[in-house]
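Dear colleague,

I am handing over the structure shown below, together with an account of what was found in it. Please read the notes that follow with the structure open beside them.

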Amino acid sequence: MDAIECLKTRRSVREYLDTPVPKEIIEDIVDCGRLAASAINIQPWVFIAVTDPAVRKKIADICDHGKFIEQSPVCIVVFCLDGKYYLEDGSAATQNMLNAARAHGLGSCWVAGDKKEYAPKIAELLGVPSDYKLVSHIAVGYPAQVPSPAKKTLSEVLRWEHF
Ligand SMILES: Cc1cc2nc3c(=O)[nH]c(=O)nc-3n(C[C@H](O)[C@H](O)[C@H](O)COP(=O)(O)O)c2cc1C
């Protein structure tokens with residue numbers, strides 16, 4: 001699949017098959033995350049790939065809109081060292097990984113982390129130092145079902161030269 005098709009066909013997947021995801025593919029997805037754009041090239045991120053079903057269940061129980069993390073074979077949790085651009089950097093890395101998952105024929109879904117009251121619980125569960133901020137969790141796995149959410153059209157959102 002070429003890059004443009006990959007970007008245009010990625011959708012958030014919330015139902016997964018039991019099929020495990022090979023370790024090399026998880027590593028390649030994270031490799032795409034760590035190559036994201038980063039303000040002043042600080043690259044403040046750490047990516048925690050969680051495959052242990054018991055830990056994924058705990059994450060799923062903590063996140064109010066991430067119950068499917070229990071079902072997805074992998075959850076990549078994105079933390080960034082606190083700083084001016086931690087959220088932009090962590091979000092750029094997250095989106096890269098969503099697209100990389102799609103390119104590997106996998107489904108994924110961004111589950112909120114930043115600004116969530118449960119963020120300290122996730123950090124404690126995963127042994128993350130207090131100077132890191134939770135940005136996102138990414139459920140990853142082979143899709144059982146791919147939704148088609150409504151999308152704004154190009155003409156609704158593209159303006160030329162002025163608002
Ligand atoms: C910052 C952010 C937080 C999100 N948090 C959640 C979440 O907690 N649970 C969830 O199921 N989806 C979450 N999503 C996924 C959105 O619901 C999804 O991207 C949106 O509905 C558009 O669908 P699409 O990704 O298939 O294009 C989040 C997306 C973003 C960008």
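In strand β5, Val140 is the bridge partner of Ser108. Please note that this is a predicted model.

The sheet

The strands β4 and β5 (residues 132–141) run antiparallel and are joined by six bridges. They belong to an open sheet of four strands, ordered β2-β3-β5-β4, in which the pairing is antiparallel. At the edges are β2 (45–50) and β4 (107–112), each of which pairs on one side only. From one strand to the next, the twist averages 20°.

The helices against the sheet

Helix α2 (residues 23–34) packs on the sheet, where it touches β2, β3 (74–81) and β5. The direction of α2 makes about 160° with that of β2. Helix α4, for its part, lies across β2, β3, β4 and β5 and runs at about 10° to β5.

Which residues does Ser91 touch, if those up to four places away in sequence are not counted? They are Trp110 and Val135. Ser91 itself has its place in helix α4, which covers residues 86–103. A separation of 9.2 Å lies between the C-alpha atoms of Ser91 and Ala36, two residues that stand 55 residues apart along the chain.

The ligand

The residues around the ligand are Arg10, Arg11, Ser12, Arg14, His65, Phe68, Cys109, Trp110, Val111, Ala112, Pro149 and Lys151.

- An N or O atom in the side chain of Ser12 is 2.5 Å from an oxygen atom of the ligand.
- For Arg14, an N or O atom in the side chain is 2.7 Å from an oxygen atom of the ligand.
- At His65, a polar backbone atom is 2.8 Å from a nitrogen atom of the ligand.

Taken alone, the ligand exposes 620 Å², and the protein buries 64% of that.

With kind regards

Note on methods
Residues numbered from 1 in each chain as written. Predicted model: local features only at pLDDT ≥ 70, side-chain atom pairs only at ≥ 80, totals over all residues. Heavy atoms only, no water. Near = heavy atom within 4 Å. Polar contact = N/O pair within 3.5 Å; in protein donor to acceptor, adjacent residues only side chain to side chain. Areas by Shrake-Rupley, 256 points an atom, 1.4 Å probe, with all protein chains shown as cover. Helix = DSSP H or I, 4+ residues; strand = E, 2+ residues; numbered from the N terminus. Contact = heavy atoms within 4.5 Å. Pairing = 2+ DSSP bridges. Axes fitted to C-alpha atoms, helices over the stretch in contact; angles between N-to-C directions.
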